2 protein chains.
Amino acid sequence: MARWEPNARLRLVQAAIDLFGEQGYDSTTVAQIAERAGLTKTTFFRHFPDKREVLFAGQEEHGRLLAEGAAAAPGTATPLETVAAALDALAASFTPEQRAFGPRLMQVIGSHCELRERAAFKSLNLTTTLATALHDRGVPDPAASLAAHLGAQAFSTAFARWITPANDHTLPDLTHQSLNELREATAALT
Amino acid sequence: MARWEPNARLRLVQAAIDLFGEQGYDSTTVAQIAERAGLTKTTFFRHFPDKREVLFAGQEEHGRLLAEGAAAAPGTATPLETVAAALDALAASFTPEQRAFGPRLMQVIGSHCELRERAAFKSLNLTTTLATALHDRGVPDPAASLAAHLGAQAFSTAFARWITPANDHTLPDLTHQSLNELREATAALT
């Protein structure tokens, strides 16, 4: 990353979300996003393949954090304890900026079928990453994929609660809370 | 549907899957699909908005079957029994043709990121339909969304087993079997 473009990635994400909100996702071009961020189109394309991917910027990093968090859990951890450790690693990476633009991010994604599809795919990819991390620890399927799904669901619920204006809990706390709720609901189901 | 185009929908699906397999998804045009099916482009567009949607032809019908199956379950049914009833209604609708082109369908979808995204979204939509049907019966979240997820997962596993050449079980039987496996794995998890 060139030294005269500090926080280029974050600036591009913020510019994109601002423009999508102001003038709509379809009407916004990569050139406009780069200009709003005070950067060039070339810089944009060093960070993202297209304007859609700006909204899913964290996917690779999130997958890595989940995998590392799961791998670092104690050898004695149950599948759900391993999932909790993975979510802790992920939740700890979220910043106040991400909380601030979370509601607008969700709104843009929710208003476009193409973006909802992409979001479903991101969620599936993270679930698969988590399931693979559990397989690597010897957890068989379908237990691994179920535990991974509970983890993804818990994180999604926690994130939605975290970005509400009235919330005053941390994302890690909300993640623990929603995973506990899901664990209890699961136990009641069977 | 015009009377001189019997089975137009199924013929278009089969022609599309044949062509995608022979010459690739990207190289296949709507005109070619219509021609192979012995139909016009106009007829194609009466059934599908584009070539991608041919691969996800059943989504609306599947959602309707799941919702009706869940609504028809006895009032005393537990959430998972309701899910089983919904899956029974869905599984009963699948035909030998769908089994025959299932492996090629899965192969085309698996080989394109755009199609995998669309498939993830279809699965999410069916899960949401099932969760809504459970809400309508008074099942709260997260129990409803969890039960719906187990149902979607069970059906996906059952379908994959059904289309393997060596399989000699019916889709409803395989669906019951995979839902039971998931129920046991879920109980063991908590």
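## A histidine and its contacts

Leaving aside residues up to four places away in sequence, H149(A) touches T127(A), L146(B) and H149(B). The model in which these contacts are found is a predicted one. H149(A) is part of helix 9 of chain A, which covers residues 143-162.

Is H149(A) buried or exposed? Its relative accessibility is 12%, and buried means under 20%, so H149(A) counts as buried.

## How the two chains are related

Two copies of a chain are related by a rotation about an axis and a shift along it. Here, chain A is superposed on chain B by a rotation of 180° with a shift of 0.0 Å along the axis, and the RMSD is 0.0 Å. The two copies are therefore related as by a two-fold rotation axis. Both copies use the same surface, since 100% of the contact residues of chain A recur in chain B.

## Two domains in chain A

Chain A is split into domain 1, residues 8-53, and domain 2, residues 57-189. A distance of 26 Å separates the C-alpha centres of domain 1 and domain 2 of chain A. Between these domains of chain A, 12 residues of domain 1 are in contact with 10 residues of domain 2.

Together, domain 1 and domain 2 of chain A bury about 1,100 Å² between them, and 64% of this area is on carbon and sulfur atoms. Which three residues supply more than any other three of the area that domain 1 of chain A buries against domain 2 of chain A? They are I17(A), Y25(A) and R52(A), which supply 49% of that area.

## An annotated stretch

The UniProt record, an unreviewed entry, lists residues 6-66 of chain A as "domain: HTH tetR-type". In the model, residues 6-66 of chain A are 69% helix and 0% strand.

C113(A) is in no disulfide, and the nearest cysteine sulfur to its own, that of C113(B), is 16 Å away. A disulfide needs two cysteine sulfur atoms within 2.5 Å. The closest cysteine sulfur to that of C113(B) is in C113(A), and because the distance is 16 Å, it is too far for a bond.

C113(A) is partly exposed, at a relative accessible area of 39%. C113(B) also counts as partly exposed, with a relative accessibility of 40%.

Notes:
Residues numbered from 1 in each chain as written. Chains lettered and ligands numbered in written order. Predicted model: local features only at pLDDT ≥ 70, side-chain atom pairs only at ≥ 80, totals over all residues. Heavy atoms only, no water. Buried < 20%, exposed > 50% of the residue type's maximum accessible area, 1.4 Å probe, protein only. Least-squares fit on C-alpha atoms with pLDDT ≥ 70 in both. Contact = heavy atoms within 4.5 Å. UniProt positions renumbered as here; feature names shortened; annotations may be inferred. Helix = DSSP H or I, 4+ residues; strand = E, 2+ residues; numbered from the N terminus. Domains from an automatic or database assignment. Buried area = accessible area lost by both parts, 1.4 Å probe.
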